[in-house]
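Please have the sequence and the coordinates open while you read.

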Amino acid sequence: MAHPQETREKLRRSYIFGQMSLEIASAQAGVAFATARRWKKEAQDAGDDWDKLRAAHLMAGNGLEEIGRAILTGLMTQYQTTLELLTTESQLPPGERVELLASLADAFNKAVAANKKILPEVSQLAVALDVIQKLSAFVAEHYPKHLGAFVEILEPFGKEMEKHYG
């Protein structure tokens, strides 16, 4: 299936300027990961090195604080994408869903620890995420039949909080 040039440009922008992983950028652009990899390689062969541009864009930002924000933004994008997959992947058992949530929370907590000194607001996010992680584990252990509903509610709640806290 041929994709319009706008799709390729959207993928490129998301990867370079949005600091998304190629996997997430391809999913958001609606193309297969293999296609995204091929486009990136074709661009590199033509002299358009997405990785160099991505690094340059990151470095040209507002210093260390901007890099910390970019890292957390990328992680949160992956977190949100995984939550969306969890709500649509009904064949995953509740235990696997919780395991994925716990793994994401762990990665986020590690990134928070690394960024704590340069991003003071991260401390608040870490507490909030820890509460959500513990609540999801509690729901999985004590109310496993409600885990699907919990995940379904969590995504729009996150979007609502994003409106308030940016």
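How many helices and how many strands does the protein chain have? The protein chain has 8 helices and 0 strands, where helices (H or I, at least four residues) and strands (E, at least two) are DSSP runs numbered from the N terminus.

1. **What we are looking at.** This is a predicted model, in which local features need pLDDT of at least 70, side-chain atom pairs count only at pLDDT 80 or more, and totals for chains, interfaces and linings use all residues. Residues are numbered from 1 along each chain as its sequence is written, and side-chain values use heavy atoms, with hydrogens and water left out.

2. **Overall layout.** Along the sequence the pattern reads α-α-α-α-α-α-α-α. Of the 166 residues in the protein chain, 33% are buried. Here buried means under 20% relative accessible area, exposed means over 50%, and partly exposed lies in between (1.4 Å probe, protein chains only).

3. Please look at glutamine 19, in the loop between α1 (5-16) and α2. Its phi is positive, about 55°, although glutamine 19 is not a glycine. Is glutamine 19 buried or exposed? With 12% relative accessibility, glutamine 19 counts as buried. Across the sequence, glutamine 19 and arginine 54 are 35 residues apart, yet their C-alpha atoms are 7.0 Å apart in space.

4. Methionine 20 and threonine 73 are separated by 53 residues in sequence and by 8.5 Å in space, C-alpha to C-alpha. Threonine 73 belongs to helix α5 (residues 64-88) and counts as partly exposed because its relative accessibility is 43%.

5. **Helix α2 and its neighbour.** Within helix α2 (residues 22-29), the buried residues are Leu22, Ile24, Ala25, Ser26 and Ala29. Glycine 30 follows α2 and has a positive phi, near 80°. The axes of α2 and helix α3 (residues 33-45) come within 9 Å and cross at roughly 110°; axes are lines fitted to C-alpha atoms, for helices over the stretch in contact, with angles running from 0 to 180 degrees between N-to-C directions. That makes α2 roughly perpendicular to α3 (65 to 115 degrees counts as roughly perpendicular, under 35 as roughly parallel, over 145 as roughly antiparallel and the rest as oblique). The crossing of α2 and α3 is right-handed, the near helix being turned clockwise from the far one by less than a right angle.

6. **Salt bridges between parts of the chain.** Side chains of opposite charge can pair when their charged atoms come close. The rule used here asks for a side-chain nitrogen of Lys or Arg within 4 Å of a carboxyl oxygen of Asp or Glu, and the count comes to 5 salt bridges. One of them joins the side chains of aspartate 48 and arginine 12, at 2.9 Å from N to O. Aspartate 48 is partly exposed at 22% relative accessibility, and arginine 12 is partly exposed at 24%.

7. **Lysine 40 and aspartate 51.** The side chains of lysine 40 and aspartate 51 also meet in a salt bridge, at 2.8 Å from N to O. Lysine 40 lies in helix α3 and aspartate 51 in helix α4, 11 residues apart, so the pair links distant parts of the chain.

8. Glutamate 42 and arginine 38 form a salt bridge in which the closest N and O atoms are 3.4 Å apart. These residues are separated by about one helical turn because they are 4 residues apart in helix α3. Glutamate 42 is partly exposed at 35% relative accessibility, and arginine 38 is partly exposed at 43%. Arg8, Arg38 and Glu42 are linked in a network of salt bridges.

9. **Phenylalanine 138.** Phenylalanine 138 sits in helix α7 (residues 122-142) and is partly exposed, with a relative accessible area of 41%.
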